[in-house]
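Subject: The structure I promised you

Hello,

Here is the structure I said I would pass on. Have a look at it first, and then read on for what turned up when I went through it.

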Amino acid sequence: MSELLKKEREIVIPGEILAKGMDFLPGENSYRENDNIYSKALGLVYVSGRVIKITPLSGPYIPMVGDRVIGRVTDITMTGWRINTGIAYSGILNVKDATTRFIKKGEDLSKIIAIGDYVIVMITQVTSQRLIDFSMRDPGLKKITGGRVIKINSHKVPRIIGKQASMVTLLREKTGCDITVGQNGRVWIRGTPEGELKAARAIKRIEERSHESGLTKSMETFLGGAQ
Amino acid sequence: MIVNQTTIKELAGKKMRIDGRKFTEYRTPITVETNISWTAEGSARVQLGETVVMAGVKLSLEKPYNDTPDQGGIMINAELTPLSSSEYESGPPGIKAIELSRVTDRGIREAKAIDMKQLCVVPGEKAWFVIIDIVTINDAGNLFDVAGLATLAALKAARFPVVDEETGAIDYKKKTDKPLPLTKEPLPVTVYKINGNLLVDPTAEEEKVYDARLTVATDEKGTISAMQKGGEAPLSTDEISQMMDMAQEKATFLRGVLDK
């Protein structure tokens, strides 16, 4: 006899039993032990058909192929740059993936990207050991200059972007800033000092109130008229 | 955060700060909680913005130093815990921890804030020693001011333990209502110079780009008891007097928070 013990959108902690019996299947962030399905993360329960999954509310960013992230250069190697995306595993940006320009042998790589610089990169490969490869050869992928980088919880990134990028478009319109959201929870804002401050505060507010419904509407009032 | 560091410098030139505060504005909330630990004779937890520091006061009876047989003593130790910032490691105190404890110590000691003679029980044999421990819980910038505030709050909250008159043993579990002989209330305020502008209460990011800083400890009458300069850039005499004025004004403000 199978039984679902948790309601949809209920908050659970790791180790909590979500369902009993074999009729349900463990999805993302959940696992089966004997007859029970347990939660692996602190998050909200979602049930689609027989599959139970947990949308985490906290925890580190898990790198995925295709994600655009904002990373910080921590080291320069023989053939590229070591980039930290805010998690325990750093990745490599190879010279051939960094620029379309021809780079001569023995050229000083720190002239192109220096240690401490922030870059917008795309994840091209993640191994099972979490070794990450990056690329910078797509439009929009570049070294960051000017403005400011703020950090938010990577699980709130979908709320910052909004449905069909509605939230980030709203932020761009109302603050007049360039806003780039990395999937790892780093956000780059560049515009006028006042606009940057407004955008940074708005993003922090979205992060705090991410669970509320009608967030885009309330953010519209928060941001007020267009700049 | 090199991007943010350049932005902070640029904004300072335009009389602005990255978080929108004024140069002389402290972060909020500022909260002071006293007697947070029952094992210490006095303790305080101070929060300023996201920076949190705890301070504890322990009292013990020791033999006074030979050159000051009729006086007690104070010792201040600071620990920058790895939990407060990714930059700190456990182990013996580093240069930043030593500077923090010594600057706080100097503010209290040189102001003669504690009447050392009143700490003496039997001259040459027994005197109270005040041991203060500063522990950082979160470093989001401006540890000097927060540590100073926490230390003073803990000193004000401290009460002597009960001493058995026959055996001389201290019962730390019982407290008398006798406070420490505090004569003054010195508070350090650190003024930072970034891109030619003077400001107080920097965030952790602003602390990375400062050119110079000056910690000024003043008591409630405005008497300066200690100063400490840091950073590589020089300071002109005009700047120093401006910094001292700012420090005095902000110390009055912090004192108001403490007395609330």
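The C-alpha centres of domain 1 of chain A and domain 3 of chain A lie 31 Å apart; please keep in mind that this is a predicted model. Those two belong to a division of chain A into domain 1 (3-56), domain 2 (68-135) and domain 3 (148-223).

Let me start with three helices of chain A, taken in pairs. Two packed helices are described by the angle between their axes and the distance between the axes.

For helix 3 (166-175) of chain A and helix 4 (193-208) of chain A, the axes come within 9 Å and cross at roughly 150 degrees. Angles over 145 degrees count as roughly antiparallel, so helix 3 of chain A and helix 4 of chain A are roughly antiparallel to each other. Their crossing is right-handed. From helix 3 of chain A, the residues that take part are A:M167, A:L171 and A:T175, and they meet A:G195, A:K198, A:A199, A:A202 and A:I206 of helix 4 of chain A. By class, this contact has five nonpolar, two polar and one charged residues.

Next come helix 4 of chain A and helix 5 (residues 215-223) of chain A, with axes that come within 11 Å and cross at roughly 150 degrees. Helix 4 of chain A and helix 5 of chain A are therefore roughly antiparallel as well, and this crossing is right-handed. Helix 4 of chain A contributes A:A202, A:R205 and A:I206, while helix 5 of chain A contributes A:L215, A:M219, A:F222 and A:L223. Six nonpolar residues and one charged residue make up this contact, with no polar ones.

How do helix 3 of chain A and helix 5 of chain A cross? Their axes come within 11 Å, at an angle of roughly 10 degrees, which makes the two roughly parallel. Here A:S166, A:M167, A:L170 and A:K174 of helix 3 of chain A are in contact with A:T216, A:M219, A:E220 and A:L223 of helix 5 of chain A. The classes come to four nonpolar, two polar and two charged residues.

A:A165 sits in the loop between helix 2 (157-161) and helix 3 of chain A. Its phi is near 60 degrees, which is a positive value in a residue other than glycine.

Now for where the chains meet. Ten residues of chain A are in contact with ten residues of chain B. On the chain A side, the elements that give two or more residues are strand 14 (148-151) and helix 4 of chain A. That side has five nonpolar, three polar and two charged residues.

As for chain B, its secondary structure comes to five helices and twelve strands. The C-alpha trace of chain B spans about 70 × 35 × 35 Å along its principal axes. A compact globule of 260 residues would have a radius of gyration near 18 Å, and the 19 Å of chain B agrees with that.

Which peptide bond of chain B is cis? The bond from B:T28 to B:P29 is, with omega near -5 degrees. B:P29 is placed in the loop between helix 1 (2-13) and strand 1 (30-34) of chain B.

Note on methods. Residues numbered from 1 in each chain as written. Chains lettered and ligands numbered in written order. Predicted model: local features only at pLDDT ≥ 70, side-chain atom pairs only at ≥ 80, totals over all residues. Contact = placed C-beta atoms within 7 Å. Helix = DSSP H or I, 4+ residues; strand = E, 2+ residues; numbered from the N terminus. Nonpolar A, V, L, I, M, F, W, Y, C, P; charged D, E, K, R; others polar. Domains from an automatic or database assignment. Axes fitted to C-alpha atoms, helices over the stretch in contact; angles between N-to-C directions. Parallel < 35°, antiparallel > 145°, perpendicular 65-115°, else oblique. Left-handed = near helix turned anticlockwise from the far one by under 90°. Rg over C-alpha atoms; globule rule 2.2 N^0.38 Å.
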